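Trainee: I'd like to learn how to read a few features in a structure. Can you walk me through them?

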Amino acid sequence: MKERLVSWKRWLGGAAVAGLLGGCSTAPLYTNPELPRPASFRPVDYFSVNWWASLAPPTRLEFSPREVASPAYDADNKHVIALTRDGYVRAVGPDGKVKWSFRTAVRFSAGARVSEGVVYVPGGDGVLYALDSATGDVKWKYASGESLATVPVLADGLVLVASESDTLFAVKAADGVWAWQYRRDPPSGFTIRGASTPLVHEGTVYVGFSDGFLVALSISDGSATWEKSLSGAGTQFLDVDTQPVMNEAGLLFVASYKNGIFALEAETGDMVWNTTVGGVTSLLTRGQMLFASGDGRVDGYLADSGKLLWSLPLGERAAFAPVFAQGMLLVPIQRSLLFLDPKTGRSRLAWNPGDGISATPFVRGKQVFVLSNNGFLYALDVNGFRG
């Protein structure tokens with residue numbers, strides 16, 4: 001694979017922006033592979049690039065490309081599964097080469113799920129695809145009739161996936177036969193694009209909707225156990241689109257775009273605490289902490305009380321769903337991927353591999369797979385913090 005020269009620049013008030021000197025073999029990492037490299041540049045200690053692959057490079061007529069589907073990983077075949085804006089599903093091997101591909105009608109809004117030799121793909125064309133993870137052959141298809149917008153979740157023999165139209169579908173993982181669905185009517189005003197990925201815990205499905213409600217459903221038949229309004233009155237931007245998360249103490253966390261973060265009792269939906277910070281679109285728990293990202297900021301809270309420990313302002317940038325890797329908090333902010341100290345919120349590094357990053361990376365031990373907005377898939381070896 002042809003090597004590409006790179007450069008580095010400053011971003012977010014002094015954090016080093018890094019990219020790569022590309023190639024199919026292990027390479028040191030610096031910055032954008034599409035820009036010329038200056039005479040001097042800083043080495044990156046936090047990670048290195050194992051390989052990279054160009055999957056869906058921008059076309060001449062394409063302005064500001066954006067990839068939003070998170071990669072997945074097939075451990076059995078050692079494939080990274082990438083869904084790109086050109087409608088293709090691709091399996092990329094450990095050598096950075098495409099092993100198989102499958103084309104759908106339109107672009108994707110969310111990434112795939114891999115389980116027991118099957119890749120479950122939420123199609124923007126409204127079809128849930130089950131593909132053989134080794135070959136890409138279709139095992140079954142379920143046509144929902146609504147654009148699917150969440151990473152599929154597997155539990156109790158079912159595949160759960162939500163649509164842009166506020167419907168949660170449950171189909172049988174074995175053959176794609178419809179089992180049940182739950183739908184709410186969207187509000188009449190504006191809503192935030194996206195949908196809440198369901199959380200399944202002890203036979204209950206927790207999922208949010210654009211009308212501002214969080215609902216607990218029985219996984220056996222989709223009947224509602226309880227529902228709770230989190231956004232109050234109004235007609236627009238009421239969305240509860242964050243994936244609900246739960247900590248080790250059994251507290252359930254979810255965010256209303258309008259009214260902030262809620263900590264709830266999972267069995268009843270009773271509120272334990274609530275913040276007043278709106279614009280939150282993603283949550284992540286780790287130990288005693290809760291991390292929130294969204295419009296213009298990334299925050300760290302104490303999970304049991306909701307006390308704000310730190311906040312990193314991003315200006316006009318929006319932060320997407322974060323992940324943990326080797327003791328670091330990785331946060332896509334469309335322009336770059338931030339490497340944050342989770343204890344302090346300090347930005348250690350901001351990496352822009354070309355046109356930025358919107359999709360949440362996939363973490364597998366020390367390996368992190370990143371899909372950039374210019375359609376490049378990167379395999380990183382992450383070292384973590386030093387000193």
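Mentor: Let's begin with one residue. At 2% relative accessibility, Glu67 counts as buried, where buried means under 20% relative accessible area, exposed over 50%, and partly exposed in between (1.4 Å probe, protein chains only). Mind that this is a predicted model: local features need pLDDT of at least 70, side-chain atom pairs count only at pLDDT 80 or more, and totals for chains, interfaces and linings use all residues. Residues are numbered from 1 along each chain as its sequence is written, and side-chain values use heavy atoms, with hydrogens and water left out.

Trainee: Which residue forms a salt bridge with Glu67?

Mentor: The general idea is that side chains of opposite charge can pair when their charged atoms come close. The cut-off here is a side-chain nitrogen of Lys or Arg within 4 Å of a carboxyl oxygen of Asp or Glu. For Glu67 the partner is Arg85, with the closest N and O atoms 2.6 Å apart. Arg85 sits in the loop between β5 (79–83) and β6 (88–92), and Glu67 in the loop between β3 (47–54) and β4 (72–74), so the pair ties together parts that are 18 residues apart in sequence. Strands are DSSP runs (E, at least two residues), numbered from the N terminus. Arg85 is buried too, at 11%.

Trainee: How many salt bridges does the structure hold?

Mentor: There are 8. Another one links Asp211 and Arg184, whose closest N and O atoms are 2.7 Å apart. Asp211 lies in the loop between β17 (204–208) and β18 (213–218), and Arg184 in the loop between β15 (178–183) and β16 (199–201), so this pair ties together parts that are 27 residues apart in sequence. Asp211 is buried at 14% relative accessibility, and Arg184 is buried at 13%.

Trainee: And Arg297, is that residue buried or partly exposed?

Mentor: Arg297 forms a salt bridge with Asp299, the closest N and O atoms being 2.7 Å apart. Arg297 is partly exposed, with a relative accessible area of 24%, while Asp299 counts as buried at 1%. Salt bridges can also share partners: Arg184, Asp211 and Glu227 are joined into one network that way.

Trainee: What about nonpolar residues? Which ones have the most contacts inside the largest nonpolar core?

Mentor: In soluble globular proteins, nonpolar side chains tend to be buried together. A nonpolar core is a set of buried Ala, Val, Leu, Ile, Met, Phe, Trp, Tyr and Cys residues joined through side-chain atoms within 4.5 Å. The largest has 19 residues, and those with the most contacts inside it are Phe47, Leu330, Phe339, Trp351, Val370 and Leu380. Strands that each supply at least two of its residues include β3, β28 (328–332) and β33 (376–382). β33 gives the most, with 4 residues. A second, separate core of 17 residues includes Ala195, Val207, Leu217 and Ile219.

Trainee: Where does Ser133 lie?

Mentor: Ser133 is in the loop between β10 (127–132) and β11 (138–143), and at 2% relative accessibility Ser133 counts as buried. Leaving aside neighbours within four places in sequence, Ser133 is in contact (heavy atoms within 4.5 Å) with residues including Asp74, His79 and Trp100.

Trainee: How confident is the predictor?

Mentor: pLDDT is the predictor's confidence in each residue, from 0 to 100. The chain averages 87, and 87% of the residues score at least 70. Over residues 1–43, though, pLDDT stays under 50.
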